[in-house]
Amino acid sequence: MLNKYPDILKPSDICMILGISKKNGYARLASGEIKSRKIGRKYFICKKYLQK
């Protein structure tokens, strides 16, 4: 399912994959429910975090 996505995902990719809104996606990233790295103002999510 995630084969067509790159190894490092953006929040917009996560929202499409999970079928959630951007607001909900950013809330989950900020709360730590979805593991990510934040560099500056941008979130980066490893694809392996979603495959568990």
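Accessibility terms come first: I call a residue buried under 20% relative accessible area, exposed over 50%, and partly exposed in between (1.4 Å probe, protein chains only). With that, I looked up Cys46, which counts as partly exposed at 23% relative accessibility. Cys15 counts as buried at 7%.

Ground rules. This is a predicted model, so I take local features only at pLDDT of at least 70 and side-chain atom pairs only at pLDDT 80 or more, while totals for chains, interfaces and linings use all residues. Residues are numbered from 1 along each chain as its sequence is written, and side-chain values use heavy atoms, with hydrogens and water left out.

**Confidence.** pLDDT is the predictor's confidence in each residue, from 0 to 100. The protein averages 92, and 98% of the residues score at least 70. I compared the elements, which are DSSP runs numbered from the N terminus: helices (H or I, at least four residues) and strands (E, at least two).

**Disulfides.** I searched for pairs of cysteine sulfur atoms within 2.5 Å. The count is zero.

**Sheet.** I count two strands as paired if DSSP finds at least two bridges between them. I found an open sheet of three strands in the order E1-E3-E2, with antiparallel pairing. E1 and strand E2 (37-39) stand at the edges with a single partner strand each, so one side of each has no neighbour in the sheet. Two bridges join E1 to E3. Leu9 stands opposite Ile45 in E3.

**Salt bridge.** My criterion was a side-chain nitrogen of Lys or Arg within 4 Å of a carboxyl oxygen of Asp or Glu. The whole structure holds one. Lys47 pairs with Asp7, and their closest N and O atoms are 3.7 Å apart. Lys47 lies in the segment after E3 and Asp7 in the segment before strand E1 (8-9), so the pair ties together parts 40 residues apart in sequence. Is Lys47 buried or exposed? Lys47 counts as buried, at 11% relative accessibility. Asp7 counts as exposed, at 57%.

**Surface.** Last, I noted a nonpolar patch of Ile8, Ile39 and Phe44, with about 270 Å² of accessible area together. Phe44 sits in strand E3 (residues 42-46) and is partly exposed at 31%. Patch members need over 30% relative accessible area and no salt bridge; like charges are joined within 9 Å, nonpolar side chains (Val, Leu, Ile, Met, Phe, Trp, Tyr) within 5 Å. Accessible areas come from the Shrake-Rupley method with a 1.4 Å probe; for residues, only the protein chains shown count as cover.
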